[in-house]
Every structure is written in structure tokens, then in C-alpha cells.
Amino acid sequence: MCQLLGLNANTPTDLVFSLTGFSTRAEEHKDGFGIAFFEQRGVRLFVDPASAIGSPVADMVRRYPIRSDNIISHIRKATQGTVSLENTHPFIRELWGRYWVFAHNGNLVDYAPRLHASFRPVGDTDSERAFCWLMQELAKAHASVPTIEELTMTLRELVPQAAAHGTFNFLLSNGQALWAHATTHLHYLVRTQPFGQAQLQDEDLSINFAEQTRPSDCVAVIATEPLTSNEAWTAFKPSELKVFVSGAPLPLS
């Protein structure tokens, strides 16, 4: 299975600390690395079909701490589709005049939804097919940009249809919010005042966030498996969909 990493914050934040620990997991997930940073309505997208450990792209991102309030990163272990640039997550599409970014961890078996011309996969993964289908169905359900709450309700109706075909852990963002869905493994934490020391689980590296943040900062980090050993991560329930806004999960009825 692949590995997912996401960040949603109330202020532009860098992901260097988490990405350092996340990248070490590429020892077992060698089929591609990608990361997308939202900057207002724009997106910086970096993808490489090489392992995150040896990828010059991954090395550049770690050395160049881009700040963003919505970030999605992915380390691939291929289940469907060749190891190639077009099959490397995250994927990006436009809808309602905004970019949407998507990354998937899992395997959807016998998944071949009918797709319109507006949303078609470039590669041959189940992940990109699922993303195109979600974009297509969101466009059909709403004539113009809906609220985050309305989008979340529509996704709650759509996601089980794809998840019925297998494991559908994913991260999705349009730069306004970050949606996360778990079939199996997904965890999150929220860092807020008072900030403290964090120790990576996969590397001998720690950071004191009290020295790196302001009292008003609020940052949510979502990962397939917890990245730190001394913070309280919360596991998603099976089939749970959450939406994060301004660094915290949005309460939903």
C-alpha cells in the first residue's frame, strides 16, 4: 500500500519536519513520490516516479521549505498501473475555476466507472479513475461552487460507491479545505497552543514547535501511520470521512 501525508493550517506552514520522517517510508514504497502545495488559487505540483529517498525532486522539496495552508503528499507502492510519471500521485484537475488535488492509498478492484470527456485519466491507475469520477459527479451535483458543508455531504454520498470496490484511503483538497477518507489506515493530529517538542518515529530528529510557531497557529497533519512518537494521534474509523478547515476538523452533523 502507498503512504499519504496531508497538512491543513490556518496560516501558511512548511512540511519539512513531517516530510523528513515521511520520506524514510519510501524504503518499502519505491514507485514514486509527489507533493502539491496550494498557494491561494494556484498549486505547486512536484512528482517523480523515482523513490522519495533517491529522488532529486524530493530532495529539492525538503531543502526548499514552501509554505502552504493545504498540502498533499504521496509515496507510491504500485498496485495498478505502471511505474511512470503519469501514474504518480497527487493528481490535479480543475473544477469551478479552482484546482483540485487528490492522492489515494489502496486498491479498487474491477473499478471502471463511466467517465465523460471533461474528466478522463491520463494514466492507467484505479486512483486517477476514482478521482476523475469524483470530479465528474461533483460537477453533476452542483451547478456552481457549493459550500464546504454541501461538498462534504455530496462526498459522503459518492465515496461509498468507489469504496465498495476495495480500499479507498484518500486525501482531497481544493485549497479551501482538505477532505480525508479512511477505509483502513489513516491518522491525524492537531497542533495548537501550547506547542511542544515533537519526536519523529522514523528518524532521530525532534523539533520544538514552540520556537517555530505563533500562539494563534493551528495545524492539522494527516498521515497513513503516525509520524511522531510522543504526540496524540487519532485513528480514523473505518469508512470515516473528515474535512479539515483552518487547521482543525470541521464539526459535521
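The dialogue below takes these features in turn.

Q: What kind of model is this, and how are residues numbered?
A: This is a predicted model: local features need pLDDT of at least 70, side-chain atom pairs count only at pLDDT 80 or more, and totals for chains, interfaces and linings use all residues. Residues are numbered from 1 along each chain as its sequence is written, and side-chain values use heavy atoms, leaving out hydrogens and water.

Q: Is Leu178 buried or exposed?
A: Buried means under 20% relative accessible area, exposed over 50%, partly exposed in between (1.4 Å probe, protein chains only). Leu178 is buried because its relative accessibility is 0%. Leu178 sits in strand 8, residues 178-182; strands (E, at least two residues) and helices (H or I, at least four) are DSSP runs numbered from the N terminus.

Q: Which residues does Gly166 touch?
A: Contact means heavy atoms within 4.5 Å. Leaving aside residues up to four places away in sequence, Gly166 touches Asn107, Leu108 and Thr183. Gly166 lies in the loop between helix 4 and strand 7. Its relative accessibility is 27%, so Gly166 counts as partly exposed.

Q: How many salt bridges are there?
A: The rule asks for a side-chain nitrogen of Lys or Arg within 4 Å of a carboxyl oxygen of Asp or Glu. The count is 8. One of them joins Glu231 and Arg191 at 2.8 Å, N to O. This pair links distant parts of the chain, 40 residues apart. Arg191 is buried at 8%, whereas Glu231 is partly exposed at 22%.

Q: Where do Arg63 and Asp59 lie?
A: Both are in helix 2, 4 residues apart, about one turn of the helix.
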